[in-house]
Amino acid sequence: MYNNFGDIMNKKLKAVILDGYTENPGDISWETIENLVDLTVYPRTSPDEIIERGKDADILIVNKVAITRELLEDLPNLKFVATLATGYNQLDCDALKERGIPVSNIPAYSTNAVAQMVFAYILELINKVSEYTADVKSGTWTKCKDFCYWNSPLYELDGKTLGIIGFGKIGARVSQIATAFGMKVLCYTPSGKKEGFPNVEFTDINTVISSSDFISVHCPLTPDTAGLINKEFIDKMKKGSYIINTARGPVANEKDVAEALSNGSLAGYGTDVLSTEPPKSDNPLLTAPNCLITPHIAWAAYETRLRLMGILEENIKAYLDGTPINVVNN
Ligand code: NAI
């Protein structure tokens, strides 16, 4: 027989992870979380399965599953929501706040991995390692009269200009790597720590757009940034320059980008993110020339996911101690 106090003191709270697969497809242990709560993990959960799986949960842990105001009626025990990501726009934070349910997110776990991916794109776009490898393996070098060959211009990064849009954690890290390559860095950002980056020239967005050889986007998706990379934006760029988007798919107008790639005004587009994920088969970027696409994996390095697990553990511990941290719906 438990009284309420005994329940709280002696029983672990019930926590349900509704979509745990992408954080942990099996190469990391959930043990640190199981030590804190009575844990059930589902790899994926469709909208019509949320209530059945979550109705007894004290804590819901979600990555992309949406928790709406309507659902809360049927989640009577819910006391805390923890995300498995930085973004939380799929959660109705106001409705959760009205019910006194804090939401904790995972800030800044993937900065290095995303910055690294930016340069994976830049290097592939101009050094074309995988393109030349395919060429060599198909026999082109074997048939060559010279000791080497190339069929497109090759460039050095040294002396080229990288334009960064959004100078938060990732934009700042990208600027440091660019500087190590000898690149000049221009940046437009409405906020962000500008001190301590003597090699970065902070300027207006039009100067960044018109003066850069490469533009890397590191702003959040907001009404201001949705569709930012469109025909008008690309028309202001130097002809034959490149855009890298590891931010969010809808920051780009994909039809305009595909057209610019087809007519050569844009030399290349490297993106980790698309407007719909997974993409629809008629997404114009899937067939656009000089378009590199990875399936939203910039964050997914093993070390990054381990770090995420550590922050999730801290978030749950802090909630259980009565002092939640990383709360985004204060
Ligand atoms: P952050 O919050 O540290 O920095 C965002 C920066 O964007 C801030 O400096 C802010 O002033 C700036 N910004 C806001 N509105 C802007 C606007 N209208 N124009 C230009 N800049 C604007 O975020 P962090 O950690 O650097 O991440 C950046 C973005 O990267 C995230 O919002 C997310 O969308 C994306 N991301 C993608 C990942 C992936 O796996 N592909 C993983 C992690 C983040």
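Two strands pair if DSSP finds at least two bridges between them. Strands (E, at least two residues) and helices (H or I, at least four) are DSSP runs, numbered from the N terminus. In β9, Ser216 is the bridge partner of Ile164. Strands β6 and β9 pair in the parallel sense over four bridges.

This is a predicted model: local features need pLDDT of at least 70, side-chain atom pairs count only at pLDDT 80 or more, and totals for chains, interfaces and linings use all residues. Residues are numbered from 1 along each chain as its sequence is written, and side-chain values use heavy atoms, without hydrogens and water.

The open sheet has seven strands, ordered β8-β7-β6-β9-β10-β11-β12, with parallel pairing. β8 and β12 stand at the edges with a single partner strand each, so one side of each lacks a neighbour in the sheet.

Contact means heavy atoms within 4.5 Å. Angles run from 0 to 180 degrees between N-to-C directions, with axes fitted to C-alpha atoms, for helices over the stretch in contact.

| Helix | Strands touched or crossed | Angle |
|---|---|---|
| α6 | β6, β9, β10, β11, β12 | about 150° with β10 |

The axes of α6 (residues 111-127) and α8 (residues 169-180) come within 9 Å and cross at roughly 50°. By class, the contact has eight nonpolar, two polar and two charged residues (Ala, Val, Leu, Ile, Met, Phe, Trp, Tyr, Cys and Pro count as nonpolar, Asp, Glu, Lys and Arg as charged, the others as polar).
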